[in-house]
Amino acid sequence: MVERLVPDELWELFQRVIPEAPTRPQGGGRLGHGDRQVRAAIIFVATSGCTWAQLPPTFGPSGATARRRFAEWTQARVWAKLHRLVLDELGSRGELDWSRCAIDSVNMRALKGEDLTGPNPVDRGKKGSKIHLITDRSGLPLSVAISGANTHDSQALQPLVQGIPPIRSRRGPRRRRPAKLHGDKGYDYDHLRRWLRRRGIVHRLARRGVEPSQRLGRHRWQVERTMAWLAGCRRLHRRYERKADHFLAFVGIACTLICYRRLTK
């Protein structure tokens with residue numbers, strides 16, 4: 001089970017970003033359960049959607065231990081660093097297509113959320129959160145962010161573009177800007193078009209009352225498919241985490257797994 005959830009190649013990348021494990025106060029060495037077992041337990045919680053208390057004992061660490069280590073690694077930004085490492089591997093192999101990137105978002109209900117939640121306009125005003133995402137042409141997630149469900153999509157465009165890390169290329173310097181960026185009518189604002197032009201990015205933002213709905217999906221279906229892939233991480237069907245950084249960590253884990261699947265093809 002551990003080897004299936006954390007294959008050797010992913011484990012090698014994970015070891016490059018994981019902080020040094022603490023030692024016992026008496027100097028007895030590392031804590032009882034290995035990092036790979038804990039990592040597998042966290043992935044199981046993310047993909048199965050179970051609670052920490054429901055974690056099967058076959059993994060070794062208890063739910064409380066896995067949750068504590070998850071919080072420690074989240075604070076150390078391990079999940080964002082791991083996502084970037086996988087993107088670097090994809091970029092060095094020429095697997096990232098920067099010619100047409102797309103931006104989109106998805107709402108979900110927040111059952112306990114406090115940070116970055118708000119009334120969801122598409123769910124009768126119930127408390128919810130929103131995941132914002134930029135993908136490359138093939139649908140691989142490059143940049144992610146979260147906000148309250150009442151945050152307008154247009155407000156996330158600039159932070160998302162700026163949040164794309166410098167990623168390795170097969171040839172030449174690292175890259176972090178797409179050639180074109182596609183977005184739906186929620187991003188139809190002139191100041192966003194000007195901002196993208198200043199950065200050398202060709203905008204393909206749909207115009208309200210001009211482009212028909214049938215035309216919008218020609219270059220945006222990949223990002224919508226990626227949103228469906230995120231739903232494969234069942235922990236993201238609802239937001240159960242009170243802390244926003246914990247919720248963002250699960251989003252990062254899901255994005256890492258999506259990119260890693262492409263890496264192993």
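Modeller: This is a predicted model. Start with burial: in helix α9, residues 221–230, the buried positions are Q222, V223, T226, M227 and L230. Viewed down the axis of α9, these buried residues fall within an arc of 150°, so they line one face of the helix.

Biologist: What covers the buried residues of α9?

Modeller: The cover includes the strands β1 (101–109), β3 (127–135) and β4 (141–148), together with helix α10 (244–263).

Biologist: At what angle do α9 and α10 pack, and how far apart are their axes?

Modeller: The packing angle is about 115°, and the axes of α9 and α10 are 10 Å apart. Angles of 65 to 115 degrees count as roughly perpendicular, so α9 is roughly perpendicular to α10. The crossing of α9 past α10 is right-handed.

Biologist: Which residues meet where α9 contacts α10?

Modeller: From α9 come T226, W229 and L230; from α10 come A254, C255 and I258. Sorted by class, this contact has five nonpolar residues, one polar and no charged ones. T226 and L230 are also on the list of buried residues in α9.

Biologist: Now a loop residue. Is G209 buried or exposed?

Modeller: Residues over 50% relative accessible area count as exposed. G209 has 78%, so G209 is exposed. Its place is in the loop between β6 (202–205) and α8 (213–216).

Biologist: How far is the C-alpha atom of G209 from that of K185?

Modeller: The two C-alpha atoms are separated by 9.1 Å, while G209 and K185 are 24 residues apart along the chain.

Conventions:
Residues numbered from 1 in each chain as written. Predicted model: local features only at pLDDT ≥ 70, side-chain atom pairs only at ≥ 80, totals over all residues. Heavy atoms only, no water. Buried < 20%, exposed > 50% of the residue type's maximum accessible area, 1.4 Å probe, protein only. Helix = DSSP H or I, 4+ residues; strand = E, 2+ residues; numbered from the N terminus. Arc of directions from axis to C-beta. Contact = heavy atoms within 4.5 Å. Axes fitted to C-alpha atoms, helices over the stretch in contact; angles between N-to-C directions. Parallel < 35°, antiparallel > 145°, perpendicular 65-115°, else oblique. Left-handed = near helix turned anticlockwise from the far one by under 90°. Nonpolar A, V, L, I, M, F, W, Y, C, P; charged D, E, K, R; others polar.
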